[in-house]
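Dear colleague,

My notes on it follow directly after.

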Amino acid sequence: MADLSSLLYQLAWPLALTLAWMAGEVLFRWTGLPRIAVYGLGGFLFGNLAAGYLPPSEAAAFMLLANLGFGLMLFELGYRINLRWLRTNPWILVTSLTESLCTFVAVYAVAVACGMASLPAGLLAALAMSTSPAGLLRVLNEQGCAGQVTERAMHLSSLNCVLAAFTFKLIVGIGVFQTSGDLAHAAWSSLVVLGASAAFGAAFGVAVPLWLRRIDNAARDSTLAFAIAVFLLVMIAHVLLFSPVLAALTFGIVARHRRLVLSPAQRNFGVLGDLLSVLLFFFVATTLSWNQVAAGLWLGLLLVLVRALVKVAVCTGFARVSGITARKGVLTGLALTPMAVFAILLQEQTRRLGVDLFQSLEPLAAIALLLEVVGPLVTQRALLLAHEARNAKEK
Amino acid sequence: VPLEPFATSRSLTMGVELELQLVSLSDFDLVSASPDMLELLGRAPFPGNVTPEITQSMIEINSSVHTSHAELLAELNEIRDCLLRAGDRLNVGVCGGGTHPFQQWSQRKIFSKPRFREVSALYGYLAKQFTVFGQHVHIGCSSGDEALFLLHSLNRYIPHFIALSASSPFLQGSDTLFNSARLNSVFAFPLSGRAPFLLEWEAFERDYFARMESTGIVRSMKDFYWDLRPKPEYGTIELRVCDTPLTVERVAALACYLQALCRHLLERREASPREDDYLVYNYNRFQACRFGLDGTIVHPQSHETLSLREDILTTVRHLEPHAQALGSEAALEHIYRETHSGSDAQFLRNAFERAGSAEGIVDAALARFRAKGEA
């Protein structure tokens with residue numbers, strides 16, 4: 001018989017997850033707080049109170065699961081992207097490029113002005129470009145959203161994630177590995193990795209619908225087939241050190257545009273998606289330690305504000321010309337707030353390449369914590385103000 | 001409130017109302033886009049008129065009053081282009097079809113206007129499964145008596161319009177085997193069906209409307225969901241059985257078919273309508289909904305069994321001189337061709353065969369609404 005402490009030791013993770021889930025349900029019902037924000041907060045508390053006593057092998061397993069969960073969300077995001085829209089309304093693309101670029105410049109400038117070295121400031125600025133698809137999609141689905149803010153936030157998020165992943169790899173390539181002082185060469189190798197990831201995703205996007213049609217799955221739900229394919233794809237990208245983010249996103253986009261078969265996959269991948277999202281948001285927050293958060297708190301807070309300000313300003317500036325009111329522009333900018341999961345997973349992947357960025361990116365922990373808890377809340381409020389949430393309205 | 005007097009309008013003028021689907025171009029599901037669409041459309045003058053409907057994934061447009069096919073079609077084309085331009089900027093597709101093939105009714109959001117909220121509270125799930133899309137055609141009448149005469153004389157032709165416009169074979173993701181499943185949703189409402197058999201406006205007002213109003217069930221003509229109802233404030237009768245067709249060409253053709261039919265009926269060469277005509281009414285209506293052009297109907301006066309397709313072809317032949325007089329030969333030609341090439345319901349079933357998915361149906365409907373000058 002194991003004694004009590006060893007029993008607790010073994011059950012710590014599942015118990016903590018269960019508590020986080022229960023807290024998520026209760027607080028969502030009482031206060032309307034997005035569930036994922038509660039999972040994040042729970043993960044942060046657990047990570048700081050207990051995870052330090054747990055063997056690291058557990059954490060690696062959860063990391064993988066978190067990546068799979070994130071892959072599912074990216075696939076779903078890709079599946080809800082219409083590339084043709086970028087052509088019929090070029091202002092969406094203009095908004096996206098301006099928004100990403102301005103965020104990078106502003107965050108970089110403020111970080112350097114506050115005394116950060118230029119390499120970590122660049123990495124931080126690259127991460128700040130992105131809107132985490134995980135935080136965004138979970139809130140959109142939780143609230144049953146539909147409308148222009150919803151639609152634009154999804155498209156802008158997928159674009160700025162690709163841009164952020166590219167910029168981040170580029171800066172890592174130049175600055176950290178010093179493989180070559182040549183910018184063009186670093187850009188090229190970064191492009192190759194992203195291109196290969198996209199190619200893998202695209203191949204899946206062609207093959208899976210074909211296979212589904214072969215086995216005459218047209219009338220049935222294709223959720224499981226896509227979930228398994230995403231798992232496989234994310235693992236392949238993981239093993240080959242490609243970008244799982246881009247691979248899963250491309251998979252979704254290509255599957256959607258080659259609409260050969262596709263009976264509707266369930267939003268969120270149903271219960272499977274729900275389960276993995278508890279894991280994902282909980283786990284990601286356990287990687288943040290209180291000391292790191294405290295150390296970078298003020299700069300982190302400042303950068304979060306700068307980032308939000310730039311995104312809101314750009315989205316508002318292009319609102320009318322792109323076909324919506326300025327008010328909806330402001331709300332679109334606010335809806336782009338979440339970023340934690342994407343940033344943390346990206347830097348975790350980089351850690352696997354042998355670079356630990358948390359040491360150099362002091363304010364990142366604070367930013368991630370703030371945005372993991374506050375980000376979904378801001379997105380949710382923005383969508384409620386835009387009258388695009390269904391569930392809240394018809395209580 | 002007593003019924004308002006019947007406004008006189010010029011005989012045989014016509015106008016069209018269309019309920020159109022708003023579909024996300026990302027996932028082809030219905031999308032609550034009408035507030036954003038209305039905001040964008042409000043920035044420039046709109047040909048005709050546009051109004052919000054009960055659910056946010058629907059947009060209703062109406063034409064001006066017309067007498068000729070060419071004018072009506074030209075305006076509908078303009079309206080269509082205007083909607084498509086706005087939709088393209090918002091990633092919203094606009095299309096016809098009486099139902100959306102895979103939307104789940106529980107997902108729909110009710111437009112936040114007090115009247116809509118009342119309707120939703122009263123009818124519960126009926127209000128939401130009423131996310132169906134129809135075409136209404138108004139025909140101008142010179143008096144209330146003329147309106148009631150036309151309304152009841154048209155009873156035997158109602159199945160024609162159901163079969164010719166049918167475009168709602170799919171509901172909630174599966175084939176209903178009906179050609180117009182939409183009308184089954186309409187039929188669930190307590191005040192649907194047909195108007196009472198009264199041929200004089202005074203009698204209608206005194207013996208029916210005033211008495212219904214005193215029961216407290218209705219307040220205005222709006223509360224009746226009849227297949228064909230008089231609209232005293234416009235001085236028209238309003239045909240409400242048509243599904244929204246997939247093209248504006250068919251919209252205009254159906255309106256002009258009705259116009260020519262009314263011109264024919266006003267010559268009063270056919271036997272006058274009788275109350276007993278309605279004995280076969282619901283049966284014929286069902287045949288048209290279920291089997292479309294392949295249905296068989298029973299003639300209300302001779303009790304002959306007729307193929308619906310044959311009956312339409314015979315009618316088209318009879319209407320030729322009227323179409324010539326009204327300048328709507330092209331419309332009759334369109335109807336004639338449809339009886340051979342098949343209805344929109346058939347088109348949607350073919351699209352499902354080809355694509356193998358419900359999204360493929362919506363994709364085909366979107367492309368068809370967009371296509372210019374197609375029959």
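B:Leu12 lies in the segment that precedes β1 (14–24) of chain B, where strands (E, at least two residues) and helices (H or I, at least four) are DSSP runs numbered from the N terminus. The phi angle of B:Leu12 is near 70°, a positive value in a residue other than glycine. B:Leu12 is buried, its relative accessible area being 14%; buried means under 20%, exposed over 50% and partly exposed in between, with a 1.4 Å probe and protein chains only.

This is a predicted model, in which local features need pLDDT of at least 70 and side-chain atom pairs count only at pLDDT 80 or more, while totals for chains, interfaces and linings use all residues. Residues are numbered from 1 along each chain as its sequence is written, chains are lettered from A and ligands numbered from 1 in the order in which they are written, and side-chain values use heavy atoms, with hydrogens and water left out. The model scores ipTM 0.82 and pTM 0.87. Chain B has a mean pLDDT (the predictor's confidence in each residue, from 0 to 100) of 91, and 95% of its residues reach 70 or more.

A positive phi, about 50°, is also found at B:Gln172, which is not a glycine. B:Gln172 sits in the loop between β6 (170–171) and β7 (174–175) of chain B, and with 29% relative accessibility it counts as partly exposed.

In chain A, A:Ala20 belongs to helix α1 (residues 4–31) and is buried at 5% relative accessibility. Neighbours within four places in sequence aside, A:Ala20 is in contact (heavy atoms within 4.5 Å) with A:Val38, A:Tyr39 and A:Phe282.

Finally, a helix pair in chain A. Helix α15 (residues 326–335) packs against helix α18 (residues 362–385) at an angle of about 160°, with the axes 8 Å apart; the axes are lines fitted to C-alpha atoms over the stretch in contact, and angles run from 0 to 180 degrees between N-to-C directions. The angle makes α15(A) roughly antiparallel to α18(A), because angles over 145 degrees count as roughly antiparallel, under 35 as roughly parallel, 65 to 115 as roughly perpendicular and the rest as oblique. From α15(A), A:Arg327, A:Leu331, A:Leu334 and A:Ala335 meet A:Val378, A:Thr379, A:Ala382 and A:Leu385 of α18(A). The residues of this contact divide into 6 nonpolar, 1 polar and 1 charged, where Ala, Val, Leu, Ile, Met, Phe, Trp, Tyr, Cys and Pro count as nonpolar, Asp, Glu, Lys and Arg as charged, and the others, Gly among them, as polar.

With kind regards
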